[in-house]
Amino acid sequence: MESYYYTFPNTNARLGGPQIPFQFVQGIDKTSSMSVQACPFERRITFADTDAAGVAHFSKSAVIVEEAIHAFFQNSGIPILDSSTAWPIVSLQIDYSAPLKFGDLVQIALKPEKIGSSSITWNFMAAKKGTTSPALQGTLIQCHLNPATGSPSPIPEPIRILLKN
């Protein structure tokens with residue numbers, strides 16, 4: 001069964017930033033709660049991402065997923081790093097089901113599954129563009145941190161509302 005993944009609708013406008021539309025992404029199939037909302041991100045697997053066999057190295061998966069989250073934050077007007085905000089990854093779990101190879105164009109879909117007082121749990125998956133099954137999927141948890149204190153801090157209400165909608 002083919003699923004369609006939509007992006008968060010014009011979230012940037014809710015934080016007062018310019019409206020940057022997301023693209024509609026079709027063709028990533030997954031029978032989970034991610035079918036409701038997802039933020040798509042496309043990225044090509046580069047030579048630097050691969051091991052000696054030309055397959056994307058497992059360690060680069062975390063980088064690619066973080067790039068997708070950063071793209072969502074930037075397009076939504078959410079600060080990634082400033083004097084009062086940082087978003088370190090505190091937990092990451094990835095399951096691999098197919099290789100991603102040098103030159104592959106990959107679609108990454110992500111969804112904020114749980115928004116805690118100072119953390120976001122993201123579900124994500126990635127598939128080679130044009131395929132219907134994920135190459136990898138998993139969960140990533142980010143903590144909202146105050147860089148000045150190095151301690152977790154509450155997620156600001158405008159960001160919380162944006163993520164829940």
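Of the contacts in the protein with a separation of 6 or more, 66% join residues 24 or more positions apart (contact means heavy atoms within 4.5 Å). This is a predicted model, where local features need pLDDT of at least 70, side-chain atom pairs count only at pLDDT 80 or more, and totals for chains, interfaces and linings use all residues. Residues are numbered from 1 along each chain as its sequence is written, and side-chain values use heavy atoms, with hydrogens and water left out.

**Fold and surface**
- You'll find three helices and nine strands here, taken as DSSP runs numbered from the N terminus (helices H or I, at least four residues; strands E, at least two).
- Reading from the N terminus, the order is β-α-β-β-α-β-β-β-β-β-β-α.
- Of the 165 residues, 44% are buried, meaning under 20% relative accessible area with a 1.4 Å probe, protein chains only.

**The cavity**
- There's one cavity of 30 Å³ or more, a cavity being a set of points on a 1 Å grid over the protein atoms alone where a 1.4 Å probe fits but cannot get out.
- The largest cavity holds about 50 Å³, with volume taken as the space filled by probe spheres set on the points.

**Its lining**
- Lining residues have an atom within 4 Å of a point; among them are Ile45, His57, Leu100, Ala126 and Leu136.
- α2 (58-76) and β5 (105-115) each supply at least two lining residues, and α2 gives the most, with four.
- By type, the lining splits into nine nonpolar, two polar and one charged.
- Nonpolar covers Ala, Val, Leu, Ile, Met, Phe, Trp, Tyr, Cys and Pro, charged covers Asp, Glu, Lys and Arg, and polar covers the others, Gly among them.

Conventions:
1 Å grid on protein atoms, 1.4 Å probe; cavity = no way out; pocket = protein on both sides within 12 Å on 5 of 7 lines; lining within 4 Å. Buried < 20%, exposed > 50% of the residue type's maximum accessible area, 1.4 Å probe, protein only.
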